Amino acid sequence: MATKQAIKTVSPKVVKGETFVSLQISKNLDPDSMEKKLKLLYELQKTDSRIDKIYMLRGELPLEVQDLEDEILGHKTKIASLAKEIKDIEAFIASKKQDIVGAKAAIKKYEQQRNNVKNNREFDSLSKEIEYQELDSQLSEKKIADNTKILVEKKEVYNAETAELKGRQEDLANKKKELDGIVKETEKEEKDLLKQSEEIQAQIDPRMLAAYEKVRSNARNRMAVVKVVRGACGGCFNKIPPQRQIDIEGSKRIIVCEYCGRILVSEKFDEDEEGEKKSAPKTEASDAKEVKKSTKTSAKEAETKPAAKKATKK
Ligand SMILES: [Zn+2]
C-alpha cells in the first residue's frame, strides 16, 4: 500500500517533449541509482525491439492479404457484370430466333394465300409482304451471327476471369494460413513481451520514458538506447571520445550520443545480465504488478524513484 501512496504523490510529472539531452544536463538525477535506471531502460529497449521484430515479421502479410481481398472483389464484380451481359445477349439471340420462326410462319402463310389470289394486285401485295419477312429474317440472322461472336468473346473473358478469381482465392487462402500461422506462433510471445514491456515501463522515471519514446519514434530502427560498440555509438556508429566512453562505463549519469541523440549504455550491460535476472528484476517485476493492480493509472504515471528505492532495499 505504501507503493500506491508514493505513486499518487509523485505522478503529475510527465514531461512532454523531454529528450535524453535535457535529462543529460538535469541536476536532480541521483548518480547512485543511475546504473539501475539505465539498465531498466536498456532492458525496455531490448524487449520493445523484440516486439518490433514480431510486427516486422508479420509486416507485409496483412497488407498482402488486404490486396488479395481487394483484387478478388474486383474479379467478382467483373464476373457478375459479364454474367449479366452474357444473359442479355443470350436472351437477345433467343428473341431473334423467335422472330425468324415467326417470319418463316408468316412467309408460309403468305405463300399459301398467294396461290389462291384473284388478281395481280393481291399477288404483288403478298409478294412484297413475303419479301419484307425474308429481309427481316435475314436481318435477324445477321444479328444472331454478330451477337454469337460477341457472346463467344464474352464467355472467354468470363472464363478467364473465373480462372483468375479461383487462383487469387487460392493465394488468399494460403496467405491467410501463413499469416494465421505467424500470428499464432508469435501471439503468446507478443503478449508476454508486451506485458514485460509494461512492467519495465512502470519502473522507469516518466521523464526518461517520455524521452525514450520520443527518440525511439524518430529513429528508423526504433532504437533509443544503444550500447557502445568498439568505441562507437551502437546506433549511428560515430566514434565516441575516450573520456566519454569512461563516463558511459561508469553509468553515473545519462550520456547521449551527440550525433544521433540516442542514449548510450555500457558495453558490459549484457554481460552481467545473467546474475541480474536471478535477483533484483524479479522483485521489481512483482512490485510493478502490485502497482498495476492497486492503481488503474497508466504505467507511464508510475514514477519509479520510490519504487526503485524500495526494490533496492529488499
Ligand atoms: Zn549515435
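This is a predicted model: local features need pLDDT of at least 70, side-chain atom pairs count only at pLDDT 80 or more; totals for chains, interfaces and linings use all residues.

**The sheet**

I started with the strands and found three of them in an open sheet, ordered β2-β1-β3, with mixed pairing. β2 (232–233) and β3 (263–265) are at the edges with a single partner strand each, so one side of each has no neighbour in the sheet.

Residues are numbered from 1 along each chain as its sequence is written.

I also checked the terms. Helices (H or I, at least four residues) and strands (E, at least two) are DSSP runs numbered from the N terminus. Two strands pair if DSSP finds at least two bridges between them.

**Both partners of β1**

Next I looked up β1 (residues 225–229), which runs parallel to β3 and is joined to it by three bridges. Valine 226 sits opposite leucine 264 in β3.

With β2, the pairing of β1 is antiparallel, over two bridges. There I found valine 229 opposite alanine 232 in β2. The β1 and β2 hairpin has two residues between the strands, and arginine 230 takes a positive phi near 45° there.

**The core**

Which residues touch the most other members of the largest nonpolar core? I got Leu41, Ile204, Tyr212, Val225, Ile263, Leu264 and Val265, out of 28 residues in that core. A nonpolar core here means buried Ala, Val, Leu, Ile, Met, Phe, Trp, Tyr and Cys residues joined through C-beta atoms within 7 Å. Buried means 20 or more other C-beta atoms within 10 Å of a residue's own, exposed means 12 or fewer, and partly exposed is in between, with C-beta atoms placed from the backbone.

α3 (31–58), α6 (206–218), β1 and β3 each give two or more residues to this core. α6 gives the most, with six residues. The buried residues of α6 include Met208, Leu209, Tyr212 and Val215.

**One leucine on α5**

Last, I picked leucine 194, which is in helix α5 (residues 120–201). Leucine 194 counts as partly exposed because it has 14 C-beta neighbours inside 10 Å. From leucine 194 to arginine 50 I noted 144 residues in sequence, but 9.7 Å in space, C-alpha to C-alpha.
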